Amino acid sequence: MRVGFGYDSHRFEEGRKLILGGVEIPYEKGLKGHSDADALIHAIIDSLFGAAALGDIGSHFPDTDEKWHGADSAKLLESAVCEVRGAFWSIVYVDVTVICERPKLLPHIPAIRERLAEILFPGEAGGVSRISVKGKTNEKMDDVGAGAGIEVHAVSLLKSNK
Ligand code: MG
């Protein structure tokens with residue numbers, strides 16, 4: 001078994017859609033980034049690559065590459081899952097904490113878990129029970145607490161198939 005940790009943060013920007021965990025969340029701003037800026041998925045990708053010792057998201061999907069401009073991060077996660085599986089690892093469990101003052105994430109968490117289960121555990125029953133997504137505020141501290149953006153921490157557990 002291996003544990004991997006991933007972290008990501010993005011600033012809010014006017015005029016963009018807010019995409020978190022592959023789900024569009026109604027909000028007045030979105031996250032700024034080269035891809036769709038889905039910080040939740042980016043943190044999960046880094047936790048998977050971390051557990052498998054496969055480098056980091058930037059080495060697989062560089063933000064200097066036009067190929068990833070406006071990229072759907074769900075597709076990046078699909079690709080990361082394939083790489084992790086190709087290195088003979090199975091994904092056992094993923095736990096995520098999303099930190100932002102607004103929007104309130106609680107109503108969107110079931111949809112996010114379902115979407116992530118489709119990508120992380122395709123065709124497997126009970127995938128949703130192997131993904132945890134938790135939301136919290138930063139108690140108004142620092143930039144995130146002032147509403148400047150979103151931070152995400154993710155942990156993944158992988159099992160070796162070798
Ligand atoms: Mg990112």
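Predicted model: local features only at pLDDT ≥ 70, side-chain atom pairs only at ≥ 80, totals over all residues.
Start with the empty space. Rolling a probe the size of a water molecule over the atoms shows where such space is left. The largest pocket has a volume of about 290 Å³. Its lining is built from 16 residues. Look for Ser35, His42, Ile57, Phe61 and Asp63, which lie nearest the pocket's centre. Now see which elements contribute. Strand β1 (2–14), helix α1 (39–52) and helix α2 (57–60) each supply at least two residues of this lining.

Val3, Phe5, Tyr7 and Val155 make a nonpolar patch of about 380 Å². β1 gives the most to this patch, with three residues. Take Tyr7 as an example. Tyr7 is found in strand β1. Its relative accessible area is 36%. Patch residues need over 30%, so Tyr7, at 36%, passes that cut-off.

Next come the charged pairs. The model has seven salt bridges. One of them also involves β1. Here the side chains of Asp143 and Arg11 meet, with 3.2 Å from N to O. Asp143 sits in helix α5 (residues 142–145) and Arg11 in strand β1, so the pair links distant parts of the chain, 132 residues apart. How exposed are the two partners? Asp143 is partly exposed, with a relative accessible area of 47%. Arg11 is partly exposed too, with a value of 47%.

A second bridge joins two loops. Arg102 pairs with Glu28, and their closest N and O atoms are 3.3 Å apart. Arg102 lies in the loop between β5 (89–99) and α4 (109–120), while Glu28 lies in the loop between β3 (23–25) and β4 (29–31). The pair therefore ties together parts that are 74 residues apart in sequence. Arg102 is partly exposed at 44% relative accessibility. Glu28 is partly exposed as well, at 48%.

Finish with Arg130 and Glu124. These two form a salt bridge whose closest N and O atoms are 2.9 Å apart. Is Arg130 buried or partly exposed? Buried means under 20% relative accessible area. Arg130 has 21%, so this residue counts as partly exposed. Glu124 is partly exposed, at 37%. This bridge also belongs to a network. Salt bridges that share partners join Arg85, Glu124 and Arg130.

Methods: Residues numbered from 1 in each chain as written. Heavy atoms only, no water. 1 Å grid on protein atoms, 1.4 Å probe; cavity = no way out; pocket = protein on both sides within 12 Å on 5 of 7 lines; lining within 4 Å. Points joined across faces, edges and corners; volume = space filled by probe spheres on them. Helix = DSSP H or I, 4+ residues; strand = E, 2+ residues; numbered from the N terminus. Patch = residues over 30% accessible without salt bridge, like charges linked within 9 Å, V, L, I, M, F, W, Y side chains within 5 Å. Areas by Shrake-Rupley, 256 points an atom, 1.4 Å probe, with all protein chains shown as cover. Salt bridge = Lys/Arg side-chain N within 4 Å of Asp/Glu carboxyl O. Buried < 20%, exposed > 50% of the residue type's maximum accessible area, 1.4 Å probe, protein only.
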